[in-house]
Amino acid sequence: MPTLHHLNHSRSQRILWLFAEIGLDYDIQPHFRDPKTGLAPDSLKAIFDLGRSPVVTLDDDVHTTLGESGAIVEYFAQTHPARQLTIAPNDPFYSQYLYWLHFAEGTMMPPLIANLVLGKAKTKKKPFLIKAIADKVIDAILNAYYAPNNEQNIAHVEKHLAQQVAQGSDFFVGDKLTTADFMMLFPLEAMVASAPKSMPSHIVGYVNRMHQRPAYQQALQAGGEYNFGPKNAA
Ligand SMILES: N[C@@H](CCC(=O)N[C@@H](CS)C(=O)NCC(=O)O)C(=O)O
């Protein structure tokens, strides 16, 4: 049986949701972020040298330790074809499917993380004069690059989701749940949770629809506290 090494408030929520949608039997090993630094604990480094989550250990012949949420999502979707969470190369939506599957970690997450890390750097205690200069530099970097990148990404996703809704689809690609949804929900729900009023309506609508899925609710129960889930979550 696979074991998911789950870190609270993290991308491994993607995998809990995926496992619930597949109806997979698995073990869960929780790891908790350091409350001060927000970083993963050493217990995760003991499993996987990068010390990042999600990580899944498989009871296959070569005792695989698999990191990268995209790789994990693809692995389980491909090895459970009956659930039909992938799109085949001969399907007209195949290229769109690959695009959104990779857009999540390739384009959407980097400016989000940069905003988060640089924002945290601004709140760190520093001597007064150094703080004034450091904050200016941080703002310059954010304003020149990461903030506009993030805004462009949001507009790009919003336009796509508006088109999907106009075509009667609840999902990112075609008219069914695919691995692209597991990948895209995480950055979108994180943004909706941190700035609900400033997010555009189709992104908010999409996040709400995914949150209402029974398997998503099941995943919340399995993972415990999660800052980016629906506000009324247990
Ligand atoms: N691209 C990787 C990123 C993994 C990653 O950075 N995970 C974060 C949680 S969302 C983490 O483990 N952070 C803890 C740390 O860096 O100490 C993936 O998609 O799995």
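Student: Taking a residue as buried if 20 or more other C-beta atoms lie within 10 Å of its own, how many of the five residues of strand 1 are buried?

Tutor: In this predicted model, four of the five residues of strand 1, which spans residues 3-7, are buried, and the strand is accordingly described as mostly covered.

Student: Which strand does strand 1 pair with over five bridges, and in what sense?

Tutor: Strand 1 pairs with strand 2 in the parallel sense, and one of the residue pairs is His6 with Pro30, the latter in strand 2.

Student: What's the strand order in the sheet?

Tutor: The sheet is open and has four strands in the order 2-1-3-4, with mixed pairing. Its edges are strand 2, residues 27-31, and strand 4, residues 65-67, each of which pairs on one side only, and the average twist from one strand to the next is 20 degrees.

Student: And how do strand 3 and strand 4 run, parallel or antiparallel?

Tutor: They run antiparallel, with three bridges joining strand 3, residues 55-57, to strand 4; Thr57, for instance, has Thr65 in strand 4 as its bridge partner.

Student: Where does Pro54 lie, then?

Tutor: Pro54 is in the loop that links helix 2, residues 42-45, with strand 3.

Student: Buried or exposed, and why?

Tutor: Pro54 counts as buried because it has 24 C-beta neighbours inside 10 Å, where 20 or more are required. Beyond the residues within four places in sequence, its contacts are Leu4, His5, His6, Arg11, Ser12, Ile15, Ser69 and Ile72.

Student: Ser12 and Ile15 again: which residues of helix 1 are buried?

Tutor: Both of those are on the list, which runs Ser12, Gln13, Arg14, Ile15, Leu16, Trp17, Leu18, Phe19, Ala20 and Glu21. Helix 1 is largely enclosed by the rest of the structure because ten of its eleven residues are buried.

Student: What do the buried residues of helix 1 pack against?

Tutor: They pack against strand 1, strand 3, helix 3, helix 6 and helix 8.

Student: Switching topic, which residues touch the most other members of the largest nonpolar core?

Tutor: That core has 43 residues, and Trp100, Ala180, Met184 and Leu188 are the ones that touch the most other members. Among the elements giving two or more residues to the core are helix 1, strand 3, helix 4 (94-123) and helix 5 (128-166), while helix 6 gives the most, with ten residues.

Student: How does helix 6 pack with helix 7, in angle and axis distance?

Tutor: Helix 6, residues 179-194, packs with helix 7, residues 201-211, at an angle of about 115 degrees, and the axes are 10 Å apart; the crossing is left-handed.

Student: Which residues meet there?

Tutor: From helix 6 the residues are Asp181, Leu185, Leu188, Glu189 and Val192, and from helix 7 they are Ile203, Val204, Tyr206, Val207 and Met210. Sorted by class, the contact has eight nonpolar residues, two charged residues and no polar ones.

Student: Last one: is Lys136 buried or exposed, and why?

Tutor: Lys136, which sits in helix 5, counts as exposed because it has 10 C-beta neighbours inside 10 Å, and the cut-off for exposed is 12 or fewer.

Notes. Residues numbered from 1 in each chain as written. Predicted model: local features only at pLDDT ≥ 70, side-chain atom pairs only at ≥ 80, totals over all residues. Axes fitted to C-alpha atoms, helices over the stretch in contact; angles between N-to-C directions. Left-handed = near helix turned anticlockwise from the far one by under 90°. Contact = placed C-beta atoms within 7 Å. Nonpolar A, V, L, I, M, F, W, Y, C, P; charged D, E, K, R; others polar. Pairing = 2+ DSSP bridges. Core = buried A, V, L, I, M, F, W, Y, C linked by C-beta atoms within 7 Å.
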